[in-house]
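Have the viewer open as you read.

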Amino acid sequence: MADKISPERRSENMRRIRSKDMKPEMAVRRLVHGMGYRYRLHRKDLPGKPDLVFPSRKKVIFVHGCFWHQHDDPKCSDGRPPKSNTSYWHEKFKRNVERDAEHKKLLRAEGWKCLIVWECETKNLDKLRKTVKHFLGAILRRDQ
Ligand SMILES: [Zn+2]
């Protein structure tokens with residue numbers, strides 16, 4: 001079936017996705033910065049434009065909205081598709097999830113390690129801090 005969504009409509013959707021993802025991304029940035037790590041944002045030359053990039057470690061963090069990226073965790077209530085307009089959402093989410101997987105694959109192939117932080121995980125910052133620490137390792141002098 002043909003894609004019935006106009007380009008205008010699509011870019012509007014994208015804008016909405018972006019602004020919806022903004023809050024959890026800010027929470028992660030604040031946390032990571034407060035821990036003493038330094039990063040770059042949205043490096044356009046990397047697949048998927050990762051939200052936080054740690055060039056000297058060759059590591060990236062993506063912050064994903066549970067709804068748009070369909071968080072596949074039974075404990076997450078935002079990761080379920082809406083009950084109306086099912087086929088539209090199914091296609092849309094399928095594309096998002098496939099794109100995410102493709103970006104991760106490309107990054108890994110270039111030697112980057114990825115951490116996905118889900119929106120719902122930003123509600124428990126103590127736990128998230130441990131996850132980030134484990135992923136990034138000790139603070140180095142070059143981080144300062
Ligand atoms: Zn979630």
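This is a predicted model: local features need pLDDT of at least 70, side-chain atom pairs count only at pLDDT 80 or more; totals for chains, interfaces and linings use all residues.

A residue is called buried here if 20 or more other C-beta atoms lie within 10 Å of its own, and exposed if 12 or fewer do.

Start with the big picture. The chain has 3 helices and 4 strands, and if you trace it along the sequence you get the pattern α-β-β-β-α-β-α. How much of the contact list links residues 24 or more positions apart? Counting contacts with a separation of 6 or more, such pairs account for 59%.

Now for the sheet. The 4 strands form an open sheet in the order β1-β2-β3-β4, and the pairing is mixed. β1 (40-41) and β4 sit at the edges with a single partner strand each, so one side of each has no neighbour in the sheet. Zoom in on β3 and β4: these two run parallel to each other, paired over 6 bridges. You can find Phe62 opposite Ile116 of β4, while His64 has Trp118 in β4 as its bridge partner. To get from β3 to β4 the chain goes through α2, and this β-α-β crossover is right-handed.

What about the inside? The largest nonpolar core holds 14 residues, and the ones with the most contacts inside it are Val28, Leu52, Phe54, Val60 and Ile61. At least two core residues come from each of α1 (7-34), β2 (52-54), β3 (59-64) and β4 (113-118). Which element gives the largest share of this core? That's β3, with 4 residues.

Helix α2 covers residues 86-109, and because 24 residues at 1.5 Å a residue should span 34 Å, the 34 Å between its end C-alpha atoms agrees with expectation. After α2 comes Gly111, with a positive phi near 90°. Helix α3 has 12 residues, 125-136, and its first and last C-alpha atoms are 16 Å apart, close to the 16 Å expected. A glycine follows α3 as well: Gly137, whose phi is positive and near 80°.

His42, in the loop between β1 and β2, has a positive phi near 45° without being a glycine. Gln70, in the loop between β3 and α2, is another non-glycine with a positive phi, about 50° in this case. Are these two residues buried or exposed? His42 has 12 C-beta neighbours inside 10 Å, so His42 counts as exposed. Gln70 has 21 such neighbours inside 10 Å and therefore counts as buried.

Conventions
Residues are numbered from 1 along each chain as its sequence is written. The expected span of a helix is 1.5 Å times one less than its number of residues. A nonpolar core is a set of buried Ala, Val, Leu, Ile, Met, Phe, Trp, Tyr and Cys residues joined through C-beta atoms within 7 Å. Two strands pair if DSSP finds at least two bridges between them. A crossover is right-handed if, with the strands pointing away from the viewer, the path from the first strand over the helix to the second runs clockwise. Two residues are in contact if their C-beta atoms, placed from the backbone, lie within 7 Å.
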